[in-house]
Each structure stands twice: as structure tokens, then as C-alpha cells.
Amino acid sequence: MSCEELQDFFELYALGLLEDEEKQEIDAHLRRGCDACRKRLAGAEAMNATLFTLVPDVRPRARLKHRVLHGVGVELVGWGWAGALAAACVLVIALWLSVQERDRTNELADARMQLIQVNAERDRLTQALAFLADPQTKPASFGQDNQAPPRGYVFLHSRLGVLLIASNLPPAGAGKAYEMWVIPKGGSPRPAGLFQSANNGAIHILNGPLDTSTLGVVAVTVEPEAGSRAPTSQPIIAAPVPGI
Amino acid sequence: MFPGKLWVIAVAGWLLAAILRTAADSDLIGRLKARDHKAMAELYDRFGRIAFSLIFRVVRNSAVAEDLIQETFLRVWNRVHSFDPQRGALGPWVLTVARNRAIDYLRSVDGRMRSGALELDRLEDPALFNGVEDSALAADRARRLKIALEKLSPNQKAVIELAYYEGLSQTEMAEKLNQPLGTVKTWTRSALKILREELAEAAIA
């Protein structure tokens, strides 16, 4: 075939769709260095490429780029660092927020605990005032003749119970607690509650009712912090109950 | 169309655009040959989406298209050393490789023309793209070709679709369409002529 006759075949040749005979004709022309055929082939390649662009646009997944580049041994280092940096920033922020949240939670728990302690202190003071304000309350003192503390008062009330106010009572020590005892006349000590002392003293209340007429002594010993059924040490406070 | 000095400005603009486009292609090919990793990312940015669209049009399956786009760019990466940046245009070559990978897959699935794989391989030789114009992928050409496609008869359009996107030879088209081979050849020849002439007119205009 002449060059003119071949001109209709170049697009199909470039697509690899010619029958063997036609393909061989074009191959022969191209091998001979036929300039006209080379130009027609270039034109056919260009038209084919233009037709390839007319397909509906489909957006590939963003990760495909990484996969393609990884396939030829290329890694997107810049963006990888950016991603790692962003992830690290997110992690740091998350940790910071977590610490902040934990601190806030702890502060809230502390505040609640303080509120509970303040309320308990208020209740005890209210109870103590009730003792002091009631004309039926009978006082008893202890340690007045001692050179060193503790000193203080015991207030007895048949309905309210026993109020102990001790000044300068040192802390009981690690693993220890003060335990109050009510000792009937001629009887055995009965446990009347555990308490701790701050450096400025202590207030302890045994809620009534209580038979004050038979009571002989109110005493305090140092005991294990879980308390004891009977005193295990010498009393550091012993307040004789005056005859009522 | 362009009165007076506007002719000069239009021609100068066209020349400048062509020079810049050629320089950009040439620079990219040079960096690809030098194994510049950023150049490969740039190549994907320029042709990845259209190549994926083309492959998807042929295979109609996203997962397969992703495999084939990876194969396409691997081939380009491995063969770019023989591409002549002064004589060939990168885009048409990349799209041809993409289309051929898709057609080769289609043929392997259909169990037809295994020997055609070698032929497709040969047709991806960068030397065959010497002399292909940089403007092959220009939007204006695509627009004109799209209009020209609308002028084709349904039969002409069918044979173009079968050739470009299904990789059927004229004999295979005749079997598929249940038409005489001569008829299919006439449809194909006349369709390609219409498209070719439309582009020729565009070049003159």
C-alpha cells in the first residue's frame, strides 16, 4: 500500500488493533524511515490520547498516590513528617488535656473532702454548743494539777452523752488513735469512740443517752487505730465524774 | 477573527505557552530520569487522575483500576530513561501505557489474544511518541473531539468505543456486533476520518 492508502490505519495501529497484514505494511514503511508515515503516526498517537481524555472523570482514592509512589520506591517524606508531627501534636494535646482533667478531678475530690470535713466539724461544734448551752450539763475537769498537757473538760448530759474537750493534746502517732472510755463506778471501762487530735487539741463526743448517775470516770488511752475492746495502755486523761 | 496587532499577540502567546509547556515536560522528564522522587509525585499529580479515569472506564472496577494504575506508573518509571524529552510528549505516552494496561487486563480476563500482550508492550515504546505534539491533551482539542463524537452515527460511535475502551480488533467487533467485517471496517474508517478532520480543522483555526 502507498502512504496515502495507509493513512486510515494509524490510529488502529497505535491501539494495537490492526490485522497482521496491515500492521506489517505500516511496520515496513516506518522501518524505511518514511517521514510522512512517522508524522501520521504521531498525529494518530495524539488523537488517541485526546480521545483517552474524554472518559468520565473518576477521582481515585487519596491513598492511591502513596501506593503508586511506594510501588516505585518513593516515599512522600515531607508529608510523612507532617503527618507524624500532626499526630505527635494531637498526642501531646490529648495528654495535656488528660492531665488537666485528672488535676481537675483531684481538685474536685479534695474540695469535696474538705467540705465533708468542714461539715463534720460544724456538726461537732453545734453538738458541743448544745452541751454547753444546756443547764443540765455537768462539767468535770482533768489535768488541772498537771504541769504538762493535756488539760481540759468533760461535759456530761444524760440525754446528749459525753463531750470531751482537750487542749494541747499531741497527735496519737502513726497507726494509733485516742480512744475514750466511760467507766462506771465499780465497773469495767466501756469503749466510747476513737478520735484523733490536731496540735491545737481535740473535741470528741459520745452521743447519749447515758446513765450519768452510775458513771465514775471518763478516761482516754492511746490504742491501735482500729480501737480496742479494753484499754491496753495507761490513761493519759482521767476525769473523775463528780457526784451528781 | 483577530484584527490587527491582536494576531501578533495571539501567536506570541501561543508560542510562549508551547515553549513553557515543552520546558515543563522536558524538565520533568529530566528529573524522572535522574530518579528525583518529587518528580514522580509531580507526574502522578499531573496524570494520575485522568489515567485512573481511563483505566476505570475500561475495567469498571476500582480495585482493579488501582492495581493497574500502580502498574502503569511503575512502567513509566522503568522506561522513562528512553524517552526523548525534545521529541515526545509525556502525557500521551502515560495515557497510552494506562490504556494498554487496562486492555491487557481485559483480554486476560476474557481469555483472548494473549499474544497481543507483546504487541501492546511494543506500542508503549517511548520512541513511538516522537513527534507527538505537546498540545495533544489540550482542553480545546478535547472539546472539539467531543463535539465531533456527537456527530457520529450510533454504529460509528459503537466501533470507536469498542476499539478504544474494549480493545477489540475489527474482526472481533464484527463478531460482537454480528455484522460483516467489511461493514465494520467502513464504520471504523469513516468514524476515524470525521474525528481526524475535526482535529485538522482545529489546527488550522
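This is a predicted model: local features need pLDDT of at least 70, side-chain atom pairs count only at pLDDT 80 or more; totals for chains, interfaces and linings use all residues.
A residue is called buried here if 20 or more other C-beta atoms lie within 10 Å of its own.

Let me place β4(A) in its sheet. Four strands of chain A form an open sheet, in the order β5-β4-β7-β8, and the pairing is antiparallel. At the edges stand β5 and β8, the latter covering residues 237-240; each has a single partner strand, so one side of each is left without a neighbour in the sheet. Direction ignored, neighbouring strands of this sheet are turned by 20 degrees against each other on average.

Now to the individual pairings. Strand β7 of chain A, residues 215-224, runs antiparallel to β4(A), and 9 bridges join the two. One residue pair to look for is Pro184(A), whose bridge partner in β7(A) is Leu215(A). To β5 of chain A, residues 190-195, β4(A) is paired over 4 bridges, again in the antiparallel sense. Here Trp181(A) has Pro191(A) of β5(A) as its bridge partner. The hairpin of β4(A) and β5(A) has 5 residues between the strands, and within this hairpin Gly186(A) takes a positive phi near 70 degrees. Finally, β7(A) and β8(A) run antiparallel and are joined by 4 bridges, with Val218(A) opposite Ala239(A) of β8(A).

The bond from Gly208(A) to Pro209(A) is cis, with omega near 5 degrees. Pro209(A) belongs to the loop between β6, residues 202-207, and β7 of chain A. As background, most residues other than glycine have a negative phi, and most peptide bonds are trans.

I turn to chain B. How many helices and strands are there in chain B? There are 9 helices and 0 strands. Of its 205 residues, buried ones make up 37%. Taking the contacts in chain B between residues at least 6 apart in sequence, 68% join residues at least 24 apart.

Arg35(B) has a positive phi of about 60 degrees although it is not a glycine. Arg35(B) sits in the loop between α1, residues 6-33, and α2 of chain B, and with 14 C-beta neighbours inside 10 Å it counts as partly exposed. Asn178(B), likewise not a glycine, has a positive phi of about 55 degrees. Its loop lies between α8, residues 170-177, and α9 of chain B. Is Asn178(B) buried or exposed? Asn178(B) is exposed, with 6 other C-beta atoms within 10 Å.

Next, the nonpolar cores. The largest has 76 residues, and the members that touch the most others are Met40(B), Ala51(B), Ile55(B), Ile69(B), Val94(B) and Ala163(B). Helix α2(B) gives the most to this core, with 14 residues. Not counting residues up to four places away in sequence, Val94(B) touches Phe47(B), Ala51(B) and Val76(B). A second, separate core of 31 residues includes Leu156(A), Ala172(A), Ala177(A) and Val241(A).

I close with the contact between the chains. It takes 50 residues from chain B and 37 residues from chain A. On the side of chain B that touches chain A, the elements giving two or more residues include α2, α3 and α9 of chain B. The most comes from α2(B), with 12 residues. By class, this side of chain B has 27 nonpolar, 12 polar and 11 charged residues.

Terms used. Residues are numbered from 1 along each chain as its sequence is written. Chains are lettered from A and ligands numbered from 1 in the order in which they are written. Two residues are in contact if their C-beta atoms, placed from the backbone, lie within 7 Å. Ala, Val, Leu, Ile, Met, Phe, Trp, Tyr, Cys and Pro count as nonpolar, Asp, Glu, Lys and Arg as charged, and the others, Gly among them, as polar. Two strands pair if DSSP finds at least two bridges between them. A nonpolar core is a set of buried Ala, Val, Leu, Ile, Met, Phe, Trp, Tyr and Cys residues joined through C-beta atoms within 7 Å. A residue is buried if 20 or more other C-beta atoms lie within 10 Å of its own, exposed if 12 or fewer, and partly exposed in between; C-beta atoms are placed from the backbone. Axes are lines fitted to C-alpha atoms, for helices over the stretch in contact, and angles run from 0 to 180 degrees between N-to-C directions.
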